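Please keep the sequence and the model in view while working through them.

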Number of protein chains: 4
Amino acid sequence: MSGNSIGKLFTLTTFGESHGPALGCIIDGCPPGIEINEAEIQVELDRRKPGTSRHTTQRREADEVRILSGVFEGRTTGTSIGMLIENTDQRSKDYSDIKDTFRPAHADYTYSQKYGIRDYRGGGRSSARETAMRVAAGAVAKKVLAKFGVQVRGYLSQLGPVKIEPSRFDWNQVNQNPFFSPDVQAVTEMEAYMDALRKEGNSIGARINVVASGVPVGLGEPIFDRLDAELAHALMSINAVKGVEIGDGFAVIEQKGTEHRDEMTPQGFLSNHAGGILGGISSGQDIVASIALKPTSSLRLPGRSINSQGEEIEVVTKGRHDPCVGIRATPIAEAMVAIVLLDHLLRDRAQNADVEDRIPVLR
Amino acid sequence: MSGNSIGKLFTLTTFGESHGPALGCIIDGCPPGIEINEAEIQVELDRRKPGTSRHTTQRREADEVRILSGVFEGRTTGTSIGMLIENTDQRSKDYSDIKDTFRPAHADYTYSQKYGIRDYRGGGRSSARETAMRVAAGAVAKKVLAKFGVQVRGYLSQLGPVKIEPSRFDWNQVNQNPFFSPDVQAVTEMEAYMDALRKEGNSIGARINVVASGVPVGLGEPIFDRLDAELAHALMSINAVKGVEIGDGFAVIEQKGTEHRDEMTPQGFLSNHAGGILGGISSGQDIVASIALKPTSSLRLPGRSINSQGEEIEVVTKGRHDPCVGIRATPIAEAMVAIVLLDHLLRDRAQNADVEDRIPVLR
Amino acid sequence: MSGNSIGKLFTLTTFGESHGPALGCIIDGCPPGIEINEAEIQVELDRRKPGTSRHTTQRREADEVRILSGVFEGRTTGTSIGMLIENTDQRSKDYSDIKDTFRPAHADYTYSQKYGIRDYRGGGRSSARETAMRVAAGAVAKKVLAKFGVQVRGYLSQLGPVKIEPSRFDWNQVNQNPFFSPDVQAVTEMEAYMDALRKEGNSIGARINVVASGVPVGLGEPIFDRLDAELAHALMSINAVKGVEIGDGFAVIEQKGTEHRDEMTPQGFLSNHAGGILGGISSGQDIVASIALKPTSSLRLPGRSINSQGEEIEVVTKGRHDPCVGIRATPIAEAMVAIVLLDHLLRDRAQNADVEDRIPVLR
Amino acid sequence: MSGNSIGKLFTLTTFGESHGPALGCIIDGCPPGIEINEAEIQVELDRRKPGTSRHTTQRREADEVRILSGVFEGRTTGTSIGMLIENTDQRSKDYSDIKDTFRPAHADYTYSQKYGIRDYRGGGRSSARETAMRVAAGAVAKKVLAKFGVQVRGYLSQLGPVKIEPSRFDWNQVNQNPFFSPDVQAVTEMEAYMDALRKEGNSIGARINVVASGVPVGLGEPIFDRLDAELAHALMSINAVKGVEIGDGFAVIEQKGTEHRDEMTPQGFLSNHAGGILGGISSGQDIVASIALKPTSSLRLPGRSINSQGEEIEVVTKGRHDPCVGIRATPIAEAMVAIVLLDHLLRDRAQNADVEDRIPVLR
């Protein structure tokens, strides 16, 4: 129930540091009888894996996942699922130079202050390496959701100044380029932008969108566990995320009621400004969420900071880092959305399994 | 633990429908010995109360709160605090016309589908009337936080197209106008805008910002209960909210690392793009959050919809409604931030009370 | 999530002190569409109500319950149910004599030490008066369980030295006498025993048994939320309970495996030493639990104690008290069992709704 | 939050099957800065380890624990602690004979019915092998508790008909014999009893007592998370436990109030019938709990049962089993008590850290 867990019925708990011996997780509450194997989970992990293009960190991690429990003869048993990824690329590096350094915009300072101790090797627990286990758990959630006809897909919609062009949107392109861009033409621009950025030694932010389709009407619990609130929680918990939108998001500020409201007809909704959620409960339309990721703060351009003695220092980050953490964030965002949706699907089923549909369900 | 609760150590659970006999809540986990009385809570409730200006709903609710337990001889006892607000303006209205109507962009359709039954009187449980109890609980949280030197304040920063001008920002103005605007000059524009909007019969969105100052470093729990994630959860759970930002929010997409990172010196941080949270943990700087509220969907301009038989209908909302729900949302947003901060302050104290500060704490 | 709540999906949260203005509770997660009204809940409350015979406290409480939310047109709506009982018999008594007194075996001392403050009027929050809300919530749980064919019944099996005689067991007698004794002949003995005890000014312990029948196989979650563990939790949380047994309980210590194991045949189990729970999961047999309640410590026979200054004092309890708290505990124990069973029924349904029975279910 | 977790602030979540590749756990919420290493945990694991005497199962498990995260340079970091034990003695045995068999009094039937699938190898998740991780986590909890002066110790007080003699009680003996008996003379009787039992092919129950000393006053949360209720939960969750007592337990039924109440003097309590808990909150006295463990149901004496087709069969359990599961249960019971106490110590500190003691604390 502490901070390393998420979900009330489909619960994910994780452990592991960037440069510790291993990362791991426990999934609790997975329905039984679901066919799942390590290879399927590996497919998702490989999407997030570093080092697959020149635009991401060159750290080499196999990210090979082992299922240690909860799956028997190829199917989930309903008991807790343990998974493990050994860290293989733990360079026996000398960290003495960063041991007492608080890198600006990193969690070094806050972890040190909170706990009085900090695993300084590569960010320790605050490293985005931790998200590997989220992706592994998300793969399980996606598999279960598929049984219910739910599909969760994401894409990068903006990389710094480079936006995708909606008219060129193609889901089939998303997994064909290192950026998860649905606009193949924008990829060229993104590559050029990243190459220049790398030369400059700087980093940049990004925007990821996630769309869930086939979501049944009725997911989400009033008042505080609204589906949008839980999605915001899950998405904001991803490293570097600074903003979350559902549907039209911040654009609603300047919308009028007549413009925003999604009218309904017997044939379905006429628009989806709400992003598939009304009153915190899924409407049956596509769930649409969008997140903003900040530029990574691991730069080789020097920055001002202090050390653990409170003395002024200059920080230069060496080593292997993602100049745009958003590039690898699409599979993570999908995973978080999948976990939340499955959790709510189970919660809804617990309470409302006996409810009979009174009216035709719209899509 | 179900959806009507928030917080793990300072826990708020609420009940009540818009037109039921009463609203109520239970606060669990409040520290003992805190001086609190109904009058102090009433001050906060009165800030949210409808009917205080021509720009909000004319429903007349006294919103008088009674403390039923957990406070003895003027101080909290550490046991659960029960609070109650009777609904006094429950007009014995005839609801037969809206009983089978799904108002577009309202929760009518989703509640009906989820539960197979719906309290249709004024939105029932999905009405923003429910937020009164949040404000009452927030008043308690603020009182406790004050003991720790934490102050939570909010303001309206944008109403439809009317933005406040940062150079005219004055905290002292916020509670002096019905909009919670810190820019007194913008109030005139807002009034004009609202008057025109009311004539038109339409509604509009808004943006609210919340700032918490005096927050100790160290609040927030890795990995999933990051302070920003919990704030996003709490803020997105407010009716009509469609977006949440921490610090620079969506602006980070186009920021470079050198621009975004908040450099540190022995005298403190040089900027606050992060909004006071690094790695999900408070840094000691001001916590800064911003939310977008959609325009209300209760309009007297007709909209297309369906009824519970799935037949096409036209919906016109009569009665008393807020044309801009954002106007009364500032105290609610403050309350949610206060509840989250207090919850995390207690959680941090549970685990880390023995940690001695190793380095000088920055502000 | 703090201590005043129980249940993960069917969640009860309570508030209220013995001599405060009111007691109340919130039920979260109740399935929608359940017919329930105040009169039905009142029936259960009246079973627990004080002053119905000369053997219980003469405090006069109407214990009239009001439903404030979550029920619409006679049926639950799936949203949170608020209930309230006003305290009517709050004598404006002078408590100055007990204000600084720690009555032995009461919670006066521990509450004072924990919180540094204590509502000393009649025990405050630690009073068994609080259990009224459990009974009210239990009435709702029983109503839902009835839909699933589950019935929860309890009885007093021992009052001090007076044991019921199994051969005279008759469920129909239980609600026909003030002791909830299923053995009508034992009632005479109990009355004589209680009359003597009252004269003596002393108090006595008791044993209550609860039996749940019609429980589906499969309730209970490995590892820590085993059905027996959750029952033990819920039953031990009742005031004055010092022991909990499932099935044969402490008798198993001297049983051999051949004696204890409940053999199965295609026609069903041949015995029920396990009390209906195997591996923490219900087997479909009757769930059988038993609890021991200590003698109340409110005696007019003087006892040694200390006051809040740590000085030696003599304590004599005046006023209206139950000489055997066990007498009124049967409805409370039933309520707790009902709440736990419903919670687990919902939890099981969330995860395992798609499981098809592979084998004939035994009873 | 699902069933494989226990604790709200110090949270243990476990995974692993009897004959799967590994067992593991995650501890969340451990305070930072605690010195802990694998060797210390191993000491506790070795106490529970099978095969250390002829009276327990001859399965050979090294039970070697690895810490995978949350400990850095020998101290806890405040982040989640992952631990792993590989199963080394997974005989590649043919399980086809028990695959469809429901062994009486085992969880085979209930797991199958609940989940529709079952890892039948050695009991799978329902095997007591799972308790190894509890002992590992308990070792960590004990280490933290030691910092607060709390010590948790257990012993076997009865093995079938053989009871220890209180006058011969010696804590120093407990870890000197395979039974955890504090009465060295009773050990001879126990050995003789067990030898005869093994010859007979039968099994027997046992009673374990746990005593926690140095517990601060004030642990336990009203109403439902009373310390005794949480202890009952934790202890009843141990495999084979059928009864839990706090203090005098079931003996209170026949006690009078004057006999049961623990009188207080300025020098301390005069007795401890309550077992150190008043009103659900620790009193500063020793916490005393007792549990009853049933005889194992793995017998070579044939029993009647059914198979998964519902057909009548005869079951004979071969292989390596504990004829008295109680023998190895002492370290497990200690672990559960330690985990609950630490969880409540942290919870109390969160809410009540600012409470100043008003009166002299008794012991």
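Q: Is C:Asp46 buried, partly exposed or exposed?
A: Buried is taken here as under 20% relative accessible area and exposed as over 50%, with partly exposed in between (1.4 Å probe, protein chains only). In this predicted model, where local features need pLDDT of at least 70, side-chain atom pairs count only at pLDDT 80 or more, and totals for chains, interfaces and linings use all residues, the relative accessible area of C:Asp46 is 31%. Residues are numbered from 1 along each chain as its sequence is written, chains are lettered from A and ligands numbered from 1 in the order in which they are written, and side-chain values use heavy atoms, with hydrogens and water left out. C:Asp46 is therefore partly exposed.

Q: What is the N to O distance in the salt bridge of C:Asp46 and C:Lys49?
A: Side chains of opposite charge can pair when their charged atoms come close. The rule for a salt bridge asks for a side-chain nitrogen of Lys or Arg within 4 Å of a carboxyl oxygen of Asp or Glu. C:Lys49 is, at a relative accessible area of 23%, partly exposed, and its side chain meets that of C:Asp46 at an N to O distance of 3.8 Å.

Q: How many residues apart in sequence are the parts that B:Arg54 and B:Asp195 tie together?
A: The closest N and O atoms of this salt bridge are 2.9 Å apart. With helices (H or I, at least four residues) and strands (E, at least two) taken as DSSP runs numbered from the N terminus, B:Arg54 falls in the loop between helix H1 (38-48) and strand S4 (65-67) of chain B and B:Asp195 in helix H4 (residues 184-200) of chain B, so the parts that the pair ties together are 141 residues apart.

Q: Which residue forms a salt bridge with B:Arg168?
A: B:Arg168 counts as partly exposed, at 30% relative accessibility. Its salt-bridge partner, with the closest N and O atoms 2.8 Å apart, is buried, at a relative accessible area of 0%. That partner is B:Asp183.

Q: How many salt bridges are there over all chains?
A: Some of these pairs join up, as in the network that links A:Lys8, A:Asp225, A:Glu230, A:Asp343 and A:Arg347. Over all chains, the count by this rule comes to 107 salt bridges.

Q: Which residue forms a salt bridge with D:Arg349?
A: Contact means heavy atoms within 4.5 Å, and 17 residues of chain D are in contact with 17 residues of chain B. Of the area that chain D buries against chain B, D:Arg349, D:Ala350 and D:Gln351 supply 37%, more than any other three residues, where buried area is the accessible area (1.4 Å probe) that two parts lose on being put together, summed over both. The count between chain D and chain B is two salt bridges. In one of them, at 2.8 Å from N to O, D:Arg349 meets B:Asp354.

Q: What is the area buried between chain D and chain B?
A: Carbon and sulfur atoms give 52% of this area. The total is about 1500 Å².

Q: Which helix of chain C do the buried residues of H2(D) pack against?
A: Helix H2 (residues 108-115) of chain D is mostly covered, with eight of its eight residues buried, among them D:Tyr109, D:Tyr111 and D:Tyr115. In chain C these residues pack against strands S12 (264-265), S13 (268-269), S14 (277-278) and S15 (281-282), and against helix H7 (330-352).

Q: Which residue of chain C comes closest to the rotation axis?
A: When copies are superposed by least squares on the C-alpha atoms of residues with pLDDT of at least 70 in both, chain C can be laid on chain D with an RMSD of 0.0 Å by a turn of 180° and a shift of 0.0 Å along the axis. The two copies are thus related as by a two-fold rotation axis. The residue of chain C that comes closest to that axis, at 2.3 Å (C-alpha), is C:His233.

Q: How far apart in space are A:Ala240 and A:Ile291, C-alpha to C-alpha?
A: A:Ala240 lies in the loop between helix H5 (227-236) and strand S11 (241-246) of chain A. Leaving aside neighbours within four places in sequence, A:Ala240 is in contact with A:Ala292, A:Leu293, A:Lys294 and A:Val325. A:Ala240 and A:Ile291 are 51 residues apart in sequence, and their distance in space is 9.9 Å.
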